[in-house]
Amino acid sequence: MIVKERKVPLSILKLRALAHRLPQSHPKIPSIMNELKKREAGFKGESAIDFPLSFLEPKNYFIFHDLRLQDQSRFFQMDTLLVSKKFALIIEVKNIAGSIYFDPHFNQLI
């Protein structure tokens with residue numbers, strides 16, 4: 001049973017609206033479109049997990065999409081949480097558009 005549905009993120013909706021309202025000759029259009037493509041690719045990747053999850057028996061599983069939880073003063077986010085009587089599975093999906101670079105100094109993916 002899907003307890004929390006997946007929705008299009010507000011950041012994507014804002015970027016779409018901004019791109020639609022600005023003239024195509026605006027100097028920020030390329031960077032806005034680049035950011036929009038990256039975010040839409042990520043959302044598409046997260047949504048791709050919905051098809052395999054649809055094969056699960058709804059009465060045996062609880063599915064929570066896009067959870068933002070608090071741990072004392074900090075927040076963290078999970079793409080999908082699958083809960084059954086026997087286990088809980090955190091599913092994180094990465095679908096990256098464009099170029100990626102691993103910064104060895106800060107040990108992060110850019």
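1. Let's start with a term you will need: a salt bridge is a side-chain nitrogen of Lys or Arg within 4 Å of a carboxyl oxygen of Asp or Glu. As background, side chains of opposite charge can pair when their charged atoms come close.

2. A word on what you are looking at. This is a predicted model, in which local features need pLDDT of at least 70 and side-chain atom pairs count only at pLDDT 80 or more, while totals for chains, interfaces and linings use all residues. Residues are numbered from 1 along each chain as its sequence is written, and side-chain values use heavy atoms, with hydrogens and water left out.

3. Back to the R39 and E35 pair. Both residues sit in helix α2, 4 residues apart, which is about one turn of the helix. Helices (H or I, at least four residues) and strands (E, at least two) are DSSP runs, numbered from the N terminus.

4. How many salt bridges does a search of the whole structure find? The count is 6. One of them joins D71 and R74, whose closest N and O atoms are 2.8 Å apart. Here D71 is partly exposed at 32% relative accessibility, whereas R74 is exposed at 52%.

5. E92 and K94 form a salt bridge too, with 3.9 Å between the closest N and O atoms. E92 is partly exposed at 40% relative accessibility, and K94 is exposed, with a relative accessible area of 64%. Also look for R6, E46 and D50, which are linked in a network of salt bridges.

6. The largest pocket has a volume of about 550 Å³. Of the 22 residues lining this pocket, the closest to its centre are K38, R39, G42, F43 and E46. The elements giving two or more residues to the lining are α1 (10-21), α2 (29-48) and β3 (74-83). Which element gives the most? That is α2, with 5 residues.

7. On a 1 Å grid over the protein atoms alone, a pocket is an open set of points where a 1.4 Å probe fits, with protein on both sides within 12 Å along at least five of seven lines; lining residues have an atom within 4 Å of a point. Grid points are joined across faces, edges and corners, and a volume is the space filled by probe spheres set on the points.

8. What is the lining of the largest pocket made of, by class? It has 9 nonpolar, 5 polar and 8 charged residues. Ala, Val, Leu, Ile, Met, Phe, Trp, Tyr, Cys and Pro count as nonpolar, Asp, Glu, Lys and Arg as charged, and the others, Gly among them, as polar.

9. The second largest pocket holds about 160 Å³ of space. Its lining consists of K59, N60, Y61, F62, V83, S84, K85, K86 and F87. By class, that gives 4 nonpolar, 2 polar and 3 charged residues.

10. Two backbone angles are worth a look. Most residues other than glycine have a negative phi. D66, in strand β2 (residues 62-71), has a positive phi near 50°, and D66 is partly exposed at 33% relative accessible area. Q72, in the loop between β2 and β3, has a positive phi of about 55° although it is not a glycine. Q72 is exposed, at 68%.

11. On the surface, I96, I100, F102 and L109 form a nonpolar patch with about 410 Å² of accessible area together. F102 belongs to strand β5 (residues 102-103) and is partly exposed at 47%. Patches are made of residues with over 30% relative accessible area and no salt bridge, with like charges joined within 9 Å and nonpolar side chains (Val, Leu, Ile, Met, Phe, Trp, Tyr) within 5 Å. Accessible areas come from the Shrake-Rupley method with a 1.4 Å probe, and for residues only the protein chains shown count as cover.

Conventions:
Buried means under 20% relative accessible area, exposed over 50%, partly exposed in between (1.4 Å probe, protein chains only).
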